[in-house]
Amino acid sequence: MAQTTIIRPPDDIPTGKALSEAYELELQSETGHPVRFGELIAAKGDHITTIVIFIRHFFCAYDQDYVHSISQRLTESVLSTLPNSAGPAQVIIIGCGQPAAIVPYVAETSAAFPIYTDPKGKIYEKLHMKRTVSAITRPPTYTQRSFISALGTTFKQMFRSGLQALSGGGWGQNGGEWVFKNGKCVYVHRMQNVSDHLTADELLQVISQGT
């Protein structure tokens, strides 16, 4: 019998004031074009469920594998045919490095979702996401790499990137997954360590089971 994934309890949702302030913060596209966080949530209307995934630095091999895995699992057909209470849905990815790192990141991950970034990390701070490198030697379930392999991949990519080696973002910055329905934040998961993203199946459960 297949094991059922249990939704992890949500973290505290920020106050309305904190969320309003976060909505006003500017992110950047791959070209450096500014866009308000709130615009990304509301751009397609309140009837769309929005999953916002905050990732670690752009050179993190664990997170690269994570983005690749959710891109394969959360396809457009899956997101457009969710139960009425959940769908349709969109996924947005937010990083903490420089905009110039986005295009190489898409090439490495085959990311199927729009990616924006906050080089100063203001939105990570405003939404109380953690800074830690705990569990960095423990590979997550969404990668098949060992820690040594992941570390080697990270350094190899940084070396190939030349002067952009320091453009990926803070190594200790962790992210998480946020779900917005009807214009409101309904579920929050902040990464507790380097290997702590919600899996694609966990995300599907979160948005399909009336958070």
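I looked up the contact between α3 and α7 in this predicted model, and found that Ala61, Tyr62 and Gln64 of α3 meet Phe147, Ala150, Thr153, Thr154 and Gln157 of α7. Sorted by class, this contact holds four nonpolar and four polar residues, with no charged ones. For the geometry I noted an angle of about 95 degrees between α3 and α7, whose axes lie 8 Å apart.

Next I turned to helix α8, residues 200–208, where seven of the nine residues are buried, so the helix is largely enclosed by the rest of the structure. The buried residues that I listed are Ala200, Glu202, Leu203, Leu204, Gln205, Val206 and Ile207. When I asked what covers them, I found that the cover includes the helices α3 (61–73) and α4 (76–80), and also the strands β3 (49–54), β4 (89–95), β6 (176–181) and β7 (184–190).

Last, I checked backbone angles, bearing in mind that most residues other than glycine have a negative phi. Ser110, in the loop between α5 (102–109) and β5 (115–117), has a positive phi near 55 degrees, and I recorded this serine as partly exposed, with a relative accessible area of 47%. His128, which I located in the loop between α6 (122–126) and α7 (147–160), also has a positive phi, near 60 degrees. With a relative accessible area of 54%, His128 went down as exposed, because the cut-off for that word is over 50%.

How values were computed. Residues are numbered from 1 along each chain as its sequence is written. This is a predicted model: local features need pLDDT of at least 70, side-chain atom pairs count only at pLDDT 80 or more; totals for chains, interfaces and linings use all residues. Side-chain values use heavy atoms; hydrogens and water are left out. Helices (H or I, at least four residues) and strands (E, at least two) are DSSP runs, numbered from the N terminus. Buried means under 20% relative accessible area, exposed over 50%, partly exposed in between (1.4 Å probe, protein chains only). Contact means heavy atoms within 4.5 Å. Axes are lines fitted to C-alpha atoms, for helices over the stretch in contact, and angles run from 0 to 180 degrees between N-to-C directions. Ala, Val, Leu, Ile, Met, Phe, Trp, Tyr, Cys and Pro count as nonpolar, Asp, Glu, Lys and Arg as charged, and the others, Gly among them, as polar.
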